[in-house]
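With the model open in your viewer, please follow the selections below in the order given. Each stop says what to select and then what is found there.

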Amino acid sequence: TYDSRSKLETLKNINLTISKSGEFISILGHTGSGKSTLVQLMNALIIPTSGNLTILNQEIKTKKQKNKNLKDIRKQIGLVFQFPEYQLFEDTVLKDVMFGPMNFGKTKEEAKEIAIKTLKELKVDESLYEKSPFNLSGGQKRKVAIAGILASNPDVLILDEPTVGLDPVGKHELLELLKHIHETTNKTIIIITHDMNVVAKYTKRTLVLSNGEIVYDGNTKELFQN
């Protein structure tokens with residue numbers, strides 16, 4: 001619950017296990033069903049009000065001050081927000097993508113090399129590298145925000161509505177890149193989406209949320225057959 005005085009639970013009766021590798025999961029549900037809250041719990045960006053949450057063998061306490069080493073969890077579990085503006089803050093695109101690797105111990109030169117490689121993978125034009133990320137289009141901002149998380153090379157990648165604002169070509173390129181990452185590294189990838197074509201074509205497992213509860217957790221193909 002977000003309000004300690006309220007009995008309104010954003011999530012309830014959640015019982016869920018996700019493997020660190022090998023999964024490609026979509027999360028579906030109406031606006032307000034608890035999808036974004038669920039993924040923010042997955043890297044301890046928020047902590048549960050009650051219950052048990054274990055991330056990468058670390059038990060997350062329900063009191064913030066008792067949790068240590070959350071930085072390690074956030075390095076291993078990268079989360080791309082629904083609104084890219086929430087995670088863009090540097091003067092230039094290049095500096096923004098370099099921030100993650102530098103924050104996790106890379107030298108400036110190493111971070112720059114990683115950032116350029118990642119931006120190229122996402123087909124962000126070189127002419128944008130020295131521009132302010134806030135002066136980009138919505139689709140470009142989203143690509144830069146995704147690059148910023150990918151550059152830190154997390155073990156698990158979580159994306160909240162990653163294709164919103166992208167044109168059809170950009171959307172296809174991003175999804176094919178995620179598919180390539182999943183197939184070549186076996187990283188677990190989790191995406192929140194409303195796009196059923198994306199769900200059907202790319203994901204193996206689907207979670208459906210309704211009013212804060214999981215009403216389906218299983219094989220994507222079986223979901224479409226039901």
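In this predicted model, begin with the lining of the second largest pocket, which by class has twelve nonpolar, seven polar and four charged residues. Select L79, Q87, F99, F104 and I149, which of the 23 lining residues lie nearest the centre of this pocket. The volume of the second largest pocket is about 500 Å³. If you then colour by secondary structure, helix 2 (70-76), strand 4 (77-80), helix 3 (93-103) and helix 5 can be picked out, each of which supplies at least two residues of that lining.

To see the contact itself, display K143, I146 and L150 on helix 5, together with G170, E173, L174, L177 and I181 on helix 6. Coloured by class, the residues of this contact divide into five nonpolar, one polar and two charged.

The last stop is the largest pocket, which holds about 1200 Å³ of space. Centre the view on L38, L41, P48, N52 and L53, which lie nearest the centre of this pocket among its 38 lining residues. What classes make up the lining of the largest pocket? Its residues divide into 19 nonpolar, 14 polar and five charged.

Notes
Residues are numbered from 1 along each chain as its sequence is written. This is a predicted model: local features need pLDDT of at least 70, side-chain atom pairs count only at pLDDT 80 or more; totals for chains, interfaces and linings use all residues. Side-chain values use heavy atoms; hydrogens and water are left out. Contact means heavy atoms within 4.5 Å. Helices (H or I, at least four residues) and strands (E, at least two) are DSSP runs, numbered from the N terminus. Ala, Val, Leu, Ile, Met, Phe, Trp, Tyr, Cys and Pro count as nonpolar, Asp, Glu, Lys and Arg as charged, and the others, Gly among them, as polar. On a 1 Å grid over the protein atoms alone, a cavity is a set of points where a 1.4 Å probe fits but cannot get out, and a pocket is an open set with protein on both sides within 12 Å along at least five of seven lines; lining residues have an atom within 4 Å of a point. Grid points are joined across faces, edges and corners, and a volume is the space filled by probe spheres set on the points.
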